[in-house]
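Visitor: I'd like to learn how to read a protein model. Could you walk me through one?

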Amino acid sequence: MSKLKTHKGLAKRVKVSPNGKIKRRKAFAGHLMSGKSGNRKRKLKRTALVSKSFTRSMLRALGKA
């Protein structure tokens, strides 16, 4: 059987921690920031973790599972 290919688009957008958690950037922070409050913009800067239910399929797409 052939090997699974890494999903390159996903690999560029996420990082996998040593414990197997996936870190991602938050959406809605690219442009049009003037209408958003400072508190909201500050929270958008932080990285987020992918939910546990979705992590397994993402790790498979990354070739880690």
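Guide: We'll go through the sheet, the backbone angles and the charged surface in turn.

Guide: A word on the ground rules: this is a predicted model, where local features need pLDDT of at least 70, side-chain atom pairs count only at pLDDT 80 or more, and totals for chains, interfaces and linings use all residues. Residues are numbered from 1 along each chain as its sequence is written, and side-chain values use heavy atoms, with hydrogens and water left out.

Visitor: Let's start with the sheet. In what order do the three strands lie?

Guide: The general idea is that strands of a sheet pair through backbone hydrogen bonds, either parallel or antiparallel. Strands here are DSSP runs (E, at least two residues), helices are DSSP runs too (H or I, at least four), and both are numbered from the N terminus. Two strands pair if DSSP finds at least two bridges between them. In this model the order is β1-β2-β3, in an open sheet with antiparallel pairing.

Visitor: And which strands sit at the edges?

Guide: Those are β1 (15–16) and β3 (47–49), since each pairs on one side only.

Visitor: How many bridges hold each pair?

Guide: Two bridges join β1 to β2, and three join β2 (residues 22–25) to β3. You can follow them residue by residue: Lys 15 stands opposite Lys 23 in β2.

Visitor: Which residues other than glycine have a positive phi here?

Guide: As a rule, most residues other than glycine have a negative phi, and most peptide bonds are trans. Against that background, check Phe 28, with phi near 70°, and Leu 32, with phi of about 55°. Phe 28 is in the loop between β2 and α2, and Leu 32 is in the loop between β2 and α2 as well.

Visitor: Are those two buried or exposed?

Guide: Buried means under 20% relative accessible area, exposed over 50%, and partly exposed in between (1.4 Å probe, protein chains only). Phe 28 has a relative accessible area of 66%, so it is exposed. Leu 32 comes out at 65%, so it counts as exposed too. Ser 34 also lies in the loop between β2 and α2, and at 76% it is exposed. If you like distances, Ser 34 and Leu 10 are 24 residues apart in sequence and 29 Å apart in space, C-alpha to C-alpha.

Visitor: What about the residues of β1?

Guide: Lys 15 lies in that strand and is exposed, because its relative accessible area is 58%. Val 16 and Leu 62 are 46 residues apart in sequence, yet their C-alpha atoms are 9.3 Å apart. For Lys 15 and Ala 61, 46 residues apart along the chain, the C-alpha separation is 13 Å.

Visitor: Which element gives the largest share of the patch?

Guide: That is α2, with three residues. Lys 45 is found in this helix and is exposed, because its relative accessible area is 69%. Arg 46 sits in the loop between α2 (38–45) and β3, and at 53% it counts as exposed. Arg 46 and Arg 24 are 22 residues apart in sequence and 9.2 Å apart in space, C-alpha to C-alpha.
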